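User: I am new to this structure. Please take me through the terms used for it.

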Amino acid sequence: MPITGVFFIPSNPNASTAFATVTERLHSSLADEPVLVGRWALEHKLMRDTPSCLPASASQRPAQPRYMQFLSLTYFPNHGFIYTSPSPEQAAHAQSGAGSPGAVAARATPVSPAPTPQQAGTPTQAPMPGQPAMVMTTVPLPACSTLFQHFVYACQPFWCHRHTVTVPGGVVYDVGDFRVRIGDVRQTQPAARVRGTVIEIEWKGPSLVTSISSLFAQSKRPFGSPRGDGLSHDEEDSVIDMAFPDGVEEADIDAEYVMTATLIREFWARLGIEGAREAILVPDVGREAKEQLRKLKQRESLRVRQKSTSIDGSGQQLDEDPNPEAGVDVARQFMEIFRFNR
C-alpha cells in the first residue's frame with residue numbers, strides 16, 4: 001500500500017492540457033532523469049442522489065447531497081473501488097463519537113455531506129471532528145460494473161449518473177524514489193470533453209505502511225505458496241525487515257503519512273506548475289493500514305496463520321484477491337479530485 005499524492009490541473013474544453021508541460025518539467029526541472037516504465041488507465045463514474053420533489057418545510061434544513069463513486073485502476077486489476085456517503089446509522093454513530101463507519105458502500109442510503117474537492121492550489125484538509133467521512137470498499141472488478149448498472153437502471157428515481165471520466169492512455173515514469181503517473185482526463189458522459197491532466201506521485205522509498213501491508217498480505221497466503229498478493233517488486237524490495245510490528249503504533253503510521261506528504265509536495269513544487277488541485281492527506285487516508293496493524297498484533301505467529309489458511313486441492317489459495325485493500329488510499333485521492341461539477 002504505497003503512499004501517494006494526486007494533483008489535477010483543469011483545462012478549458014477548447015484548450016490544450018498540461019500533459020506536455022508536466023512531461024517536459026519532469027525532464028528539465030529534476031536532478032534524476034525520468035525513466036518510462038509503462039502505461040496506465042482509469043475509469044471513474046460519479047452518481048448523486050436526486051433531490052426530493054416535495055418542497056422542504058420551514059422547519060427542515062435542506063438535505064445534503066449524497067454521492068456514490070465507482071473507480072477502476074489498471075494497476076490494481078483484481079478489484080474496483082466504491083466510495084459513498086455513510087448510511088444514516090453510520091453518520092449518527094460518527095457524530096456521536098462512538099466510532100467510525102464500517103465499509104458497507106453498496107447500501108445506497110447515504111445522507112452525510114461528502115468532503116468538498118479542493119480549490120486550485122490548496123491542500124486537501126481532513127473533515128471537522130464529528131463529521132462522518134465517506135465510506136470505502138472494494139469489490140471484484142466485474143462486480144463493480146454490475147453494481148453500477150444496478151444503480152443506473154434499478155435505482156434511477158433515487159440516483160442520477162452525473163458523469164464518467166477516463167484516463168485512456170496514461171504514462172508511468174520512475175524518477176528517483178518516486179513513481180509518477182500522468183494522464184489526460186477525458187469525460188465520456190454525458191458529453192465528450194477534455195477535463196484536464198491528472199498526476200499521481202507515489203513514494204517508492206522505504207515505508208512502514210508498505211511493510212505492514214506486505215506482512216498482512218503474506219499472512220493470508222498459504223504456507224509455502226508463491227506470491228499472489230499483487231504487490232510490485234518495488235513494494236516487495238521496500239519492505240522493512242521486521243518479523244512482527246510489536247513496537248509500531250498507529251501514531252507512527254500517521255506520522256509517516258505526514259512526512260511522506262511533505263516529500264511529495266516538495267517533489268511537485270520542483271516542477272513549478274501552478275493552479276493544481278491537490279489530494280494527499282484526504283479523510284480516512286491510512287485507515288486500512290491501521291486496521292492491518294491491529295490484526296497483525298492480534299496474531300501470535302504469522303507462520304501459524306499461514307499454515308491454517310484454506311487451500312484447495314492444487315495447493316493454491318482459494319481467495320483470488322488476497323489483498324483486497326490494495327490501492328484504497330490512492331482511490332480516495334482520485335475520487336476527491338473527480339467529484340467536480342456535481
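Analyst: Start with pairing: two strands pair if DSSP finds at least two bridges between them. Helices (H or I, at least four residues) and strands (E, at least two) are DSSP runs, numbered from the N terminus. This is a predicted model, where local features need pLDDT of at least 70, side-chain atom pairs count only at pLDDT 80 or more, and totals for chains, interfaces and linings use all residues. Residues are numbered from 1 along each chain as its sequence is written, and side-chain values use heavy atoms, with hydrogens and water left out.

User: What makes β1 and β8 a pair?

Analyst: Strand β1 (residues 4-10) and strand β8 (residues 193-203) share 7 bridges. Pairing needs at least two, so they pair. The sense is antiparallel. Thr 4, for one, stands opposite Glu 202 in β8.

User: How many bridges join β1 to β9?

Analyst: There are 3, and these strands also run antiparallel. Strand β9 covers residues 277-279. Its Ala 279 is the bridge partner of Val 6.

User: Why is α9 called largely enclosed?

Analyst: Buried means under 20% relative accessible area, exposed over 50%, partly exposed in between (1.4 Å probe, protein chains only). In helix α9 (residues 328-337), 10 of the 10 residues are buried, so the rest of the structure largely encloses this helix. Among them are Asp 329, Arg 332 and Phe 334. Strand β1 is mostly covered too, with 6 of its 7 residues buried.

User: What makes Asp 49 and Arg 66 a salt bridge?

Analyst: A salt bridge is a side-chain nitrogen of Lys or Arg within 4 Å of a carboxyl oxygen of Asp or Glu. Here the N to O distance is 2.6 Å, so the pair qualifies. Asp 49 sits in strand β2 (residues 35-49), and Arg 66 in the loop between β2 and β3, 17 residues apart.

User: Why is Asp 49 called buried?

Analyst: Its relative accessibility is 10%, so Asp 49 counts as buried. Arg 66, at 23%, counts as partly exposed.

User: Which parts does the salt bridge of Glu 249 and Lys 297 tie together?

Analyst: Their side chains meet at 3.4 Å, N to O. Glu 249 lies in the loop between α5 and α6, and Lys 297 in helix α7 (residues 287-298), so parts 48 residues apart in sequence are tied together. The whole structure holds 16 salt bridges.

User: What is the mean pLDDT of the protein chain?

Analyst: pLDDT is the predictor's confidence in each residue, from 0 to 100. The chain's mean is 76, and 67% of its residues reach 70 or more. Over residues 223-230 the pLDDT is below 50. Where pLDDT is low, the predicted coordinates should not be read in detail.

Note on methods: Contact means heavy atoms within 4.5 Å.
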